[in-house]
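Please read the numbered points below with the structure open beside them. They are meant for someone meeting it for the first time.

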Amino acid sequence: MPREAHRGTAWHGNSGVPESTEGEISYLTDFIRGVTPLFVIRLLRKLERVLDPHGRLSYGQEGEDLVLLRLFERRESGFFVDVGAHHPVRFSNTWVFYQRGWRGINIEPNPQAMELFKQWRPGDINLAIGI
C-alpha cells in the first residue's frame, strides 16, 4: 500500500512500518526470542492431544521411538546408548525416554551438537567422539 494512503500515520525511516506498530513488532520479536524450544514442544504435545487424543508425537525419524516405547512401556526407568545421536530432540530415538526419566549415553562426533546435548540433556553422559 503506498505511503500516501496513510497520511495520518508517522512512518519509521525507510522500513515501511508505521511507528504506531513498531512497538508492537518489537514486543512480538522479544516474545518470540523468549519462547524456548521446550515450550514449543510442550505446546505441540497439548495440541496433539486435542487434535488426536489417540495419537502420539514421534521425535524419531520414522517413528522408531514409538516402537521402542511400546516395547518398554512397562519400564519406568532404564538406560540407553545412542550412537550417532545427531540432536537431543530432532530425529531422536531417545528423547521420549529421557522425558520419562531414563538416562543414558549420547555419542555424536559433531562438537556443536554436543553443546545442545549439554543444554537439553544434562542428566546424560554426552560424548563428542566418533565410533
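How many residues apart are Lys118 and Glu115, and in which helix do both lie?

1. Lys118 and Glu115 are both in helix α5, 3 residues apart, which is about one turn of the helix. Their side chains meet in a salt bridge with an N to O distance of 3.8 Å, a salt bridge being a side-chain nitrogen of Lys or Arg within 4 Å of a carboxyl oxygen of Asp or Glu.

2. A word on the basis of this note: the model is predicted, local features need pLDDT of at least 70 and side-chain atom pairs count only at pLDDT 80 or more, while totals for chains, interfaces and linings use all residues. Residues are numbered from 1 along each chain as its sequence is written, and side-chain values use heavy atoms, with hydrogens and water left out.

3. By the salt-bridge rule the count comes to 3. One of them joins Glu73 and Arg70, at 3.8 Å from N to O; Glu73 counts as partly exposed at 43% relative accessibility, whereas Arg70, at 61%, counts as exposed. Here buried means under 20% relative accessible area, exposed over 50%, and partly exposed in between (1.4 Å probe, protein chains only).

4. Asp124 and Arg121 also form a salt bridge, their closest N and O atoms being 3.1 Å apart. Asp124 is buried, with a relative accessible area of 7%, and Arg121 is buried as well, at 0%.

5. Strand β4 (residues 103–107) is largely enclosed by the rest of the structure, because 4 of its 5 residues are buried. Helices (H or I, at least four residues) and strands (E, at least two) are DSSP runs, numbered from the N terminus.

6. β4 pairs with strand β3 (residues 79–83) in the parallel sense over 5 bridges, and Phe79 stands opposite Arg103 of β4. β4 also runs parallel to strand β5 (residues 125–127), to which 3 bridges join it, with Asn126 in β5 as the bridge partner of Asn106. Two strands pair if DSSP finds at least two bridges between them.

7. Phe39, Val40, Leu43, Leu44, Leu47, Val50 and Leu51 form a nonpolar surface patch with about 690 Å² of accessible area together (Shrake-Rupley method, 1.4 Å probe, only the protein chains shown counting as cover for residues). Patch residues have over 30% relative accessible area and no salt bridge, with like charges joined within 9 Å and nonpolar side chains (Val, Leu, Ile, Met, Phe, Trp, Tyr) within 5 Å. Phe39 lies in helix α2 (residues 37–51) and counts as partly exposed at 43% relative accessibility.
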